[in-house]
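Open the model and keep the sequence beside it.

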Amino acid sequence: MAAHLSSGRVNLTLLREAGRRELREFLDKCAGSKAIVWDEYLTGPFGLIAQYSLLKEHEVEKMFTLKPGRLPLADVKNIIFFVRPRLELMDIIAENVLSEDRIRSPQRDFHILFVPRRSLLCEQRLKDQGILGAFIHREEYSLDLIPFDGDLLSMESESAFKECYLENDQTSLYHAAKGLMTLQALYGTIPQIFGKGECARHVANMMIRMKREFSGSQNPIFPVFDTLLLLDRNVDLMTPLATQLTYEGLIDEIYGIQNSYVKLPPEKFAPKKQGEGGKDLPTEPKKLQLNSAEELYAEIRDKNFNAVGSVLSKRAKIISAAFEERHHAKTVGEIKQFVSQLPHMQAARGSLANHTSIAELIKDITTSEDFFDKLTVEQEFMSGVDTDKVNNYIEDCIAQKHPLIKILRLVCLQSVCNSGLKQKVLDYYKREILQTYGYEHILTLNNLDKAGLLKPQTSGRNNYPTIRKTLRLWMDDVNEQNPHDISYVYSGYAPLSVRLAQLLARPGWRSIEEVLKMLPGPHFEERQQLPTGLQKKRQQGENKVTLVFFLGGVTYAEIAALRFLSQMEDGGTEYVIATTKLINGTSWMKCLMEKLEAPPF
């Protein structure tokens, strides 16, 4: 079964091409040799759009990371700053520009490219520093949605959730709406929009307003997407808090995947030579790219981790049998054929070795007692067991000073599965956390409360059991090897967000009106008029395509669950996933944590 879109009708390379074109046009404006000074956060996302070779073609000779102080020496005509619109970065740029030795390099031109938007505040800051006039070009590069894979787009806006839910800042929602407008320009108007949540409502309103403003300038394109589903992260706060149990989800939980790359401990990847007894072990982490271009990874990424071992051993047998073939090659033709297949076979063997090593690393953790105990507690909460009293395991973890993020994820999960905690239980947890980890975390606890993650139970009524039963969020009989339901991604728990997508496709949200009202924010439906002649006539057996946009972040387990629905024989719907950021429980908690600086006396 294909691991990406079964019919592959959504070709995301169009989007990547549009991004490259915009980049080329900007580079060509700065005639002559160039050095790019990167805001380090942007190098990962840009790497998914343009390889270094493209920059070289346009006379980029040097690349530096944006740092305070002087710029490194470079014999180039143009210096281009690629930055996010942040005031603190403007101060570093000012320092770079002011420390330039005008006597040694009087002919040098400066340019600045803001990603994804120009900012008046930033330009004012450059003006205050007396250097705004030094920039020949000040432009923006609208990097809204970056293609991560054949069915996955992300804005990689790391603070979108915090901005929307804590700071009431809707900038990232505006960027989401702009990104969706770009998609519609490339892939046609999306006739139906459904949404759930306050942020979803805002994005839909902005899109409809933008569409009105651009009504005259639309390309007549047959729509590729039938439906857009906008989902607020706070409609389903539970899913990112639980430990993901798919192969890709666990890699992300344990090592963190950044812009489709992961860094792994090197010792498992050292080539084993006879009789060397493991001297000269590598010390640099092993960096691997993870996406569906690698055949084996495409096959195992979305499986429950317990189903990965059998796939790897089957693959090992196939590969070793293929290498055995060489002994049977007798004629010159047969030998030639074997040799021509060799590069592919060696790549497959290398890929198998890598994933076997990763699986061993993960297994060391998933078979530990602590992992099992934590998972047991999570699953008890999600299935509704003992959610309303202080949990012994959490108490013990605090007493043993386990990592704070682990504690916060568990306590928040308990709170969400209980529609808030009784005041007495909540006060106890807060007191224990502050006494053990330090009072500076009082701001973090306040943020978690504001985001609805760790709060007192207000109405005295717990809606979660009703939501759990109606949406079938907990399944007792999960088949991890050959799943029949999306709940396999958490070994029993079906992500609420994905269940909403599944029920929207069939039988429709009218069947769950009561539960939708219990979840935060409005739910709505909008229709966008298609120009005459562009209404789609669906062929017999042709699937619908739905774009699910997660505002505030999505996890790899949710992506796996949506891919599972895309591949169901009788599903009738293919899913493409877009998000403000790829997250896991740890990175999500980190974005909500505040550090109080110790006073300087």
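Start at Glu-59, which lies in the loop between helix H3 (52–57) and strand S2 (60–65). Helices (DSSP H or I, at least four residues) and strands (E, at least two) are DSSP runs, numbered from the N terminus. Glu-59 is partly exposed, because its relative accessible area is 40%. Buried means under 20% relative accessible area, exposed means over 50%, and partly exposed lies in between (1.4 Å probe, protein chains only). This is a predicted model: local features need pLDDT of at least 70, side-chain atom pairs count only at pLDDT 80 or more, and totals for chains, interfaces and linings use all residues. Residues are numbered from 1 along each chain as its sequence is written, and side-chain values use heavy atoms, with hydrogens and water left out.

With Glu-25, Asp-28, Glu-61 and Asp-75, Glu-59 forms a patch of negative charge on the surface. A patch takes residues with over 30% relative accessible area and no salt bridge, and like charges are joined within 9 Å. Asp and Glu count as negative, Lys and Arg as positive; His and the chain ends are not counted. The place of a charge is CG of Asp, CD of Glu, NZ of Lys or CZ of Arg. Accessible areas come from the Shrake-Rupley method with a 1.4 Å probe, and for residues only the protein chains shown count as cover.

Now turn to paired charges. Side chains of opposite charge can pair when their charged atoms come close. How many salt bridges does a search of the whole structure find? The search finds 31. Each is a side-chain nitrogen of Lys or Arg within 4 Å of a carboxyl oxygen of Asp or Glu.

Take Asp-109 and Lys-77. Their closest N and O atoms are 2.8 Å apart. Asp-109 sits in strand S4 and Lys-77 in the loop between S2 and strand S3 (78–83), so this pair ties together parts 32 residues apart in sequence. Lys-77 counts as partly exposed, because its relative accessibility is 34%.

Next come Asp-144 and Arg-117, whose side chains meet in a salt bridge at 3.2 Å, N to O. Asp-144 is in the loop between strand S5 (135–140) and strand S6 (146–149), and Arg-117 is in the loop between S4 and H5, so the pair ties together parts 27 residues apart in sequence. Both Asp-144 and Arg-117 are buried.

Glu-248 belongs to helix H10 (residues 247–255), while Arg-301 lies in the loop between helix H11 (295–300) and helix H12 (308–324), so parts 53 residues apart in sequence are tied together. Glu-248 is buried at 2% relative accessibility. Arg-301 is buried too, at 3%. Salt bridges that share partners join Asp-149, Asp-151, Glu-248, Arg-301, Asp-302 and Arg-563 into one network.

Twelve of the twelve residues of H22 are buried, so the helix is largely enclosed by the rest of the structure. At 1.5 Å a residue, H22 (residues 556–567) should span 16 Å, and its end C-alpha atoms are 17 Å apart, which agrees. The expected span is 1.5 Å times one less than the number of residues.

Compare helix H20. Eight of its ten residues are buried, so H20 is also largely enclosed by the rest of the structure. Among the buried ones are Leu-496, Val-498, Arg-499 and Leu-503.

Finally, check the backbone. Most residues other than glycine have a negative phi, and most peptide bonds are trans. The bond joining Val-115 and Pro-116 is cis, with omega about 0 degrees. Pro-116 is in the loop between strand S4 (109–114) and helix H5 (120–128). From Arg-506 to Pro-507 the peptide bond is cis, with omega near 5 degrees. Pro-507 lies in the loop between helix H20 (496–505) and helix H21 (513–518).

Asn-168 is not a glycine, yet has a positive phi of about 55 degrees. Asn-168 is exposed, with a relative accessible area of 64%. Ser-419, also not a glycine, has a positive phi of about 50 degrees. Ser-419 is in the loop between helix H16 (404–416) and helix H17 (423–437). Leu-421 lies in that loop between H16 and H17, and counts as buried at 0% relative accessibility.

Notes. Patches are made of residues with over 30% relative accessible area and no salt bridge: like charges are joined within 9 Å, nonpolar side chains (Val, Leu, Ile, Met, Phe, Trp, Tyr) within 5 Å.
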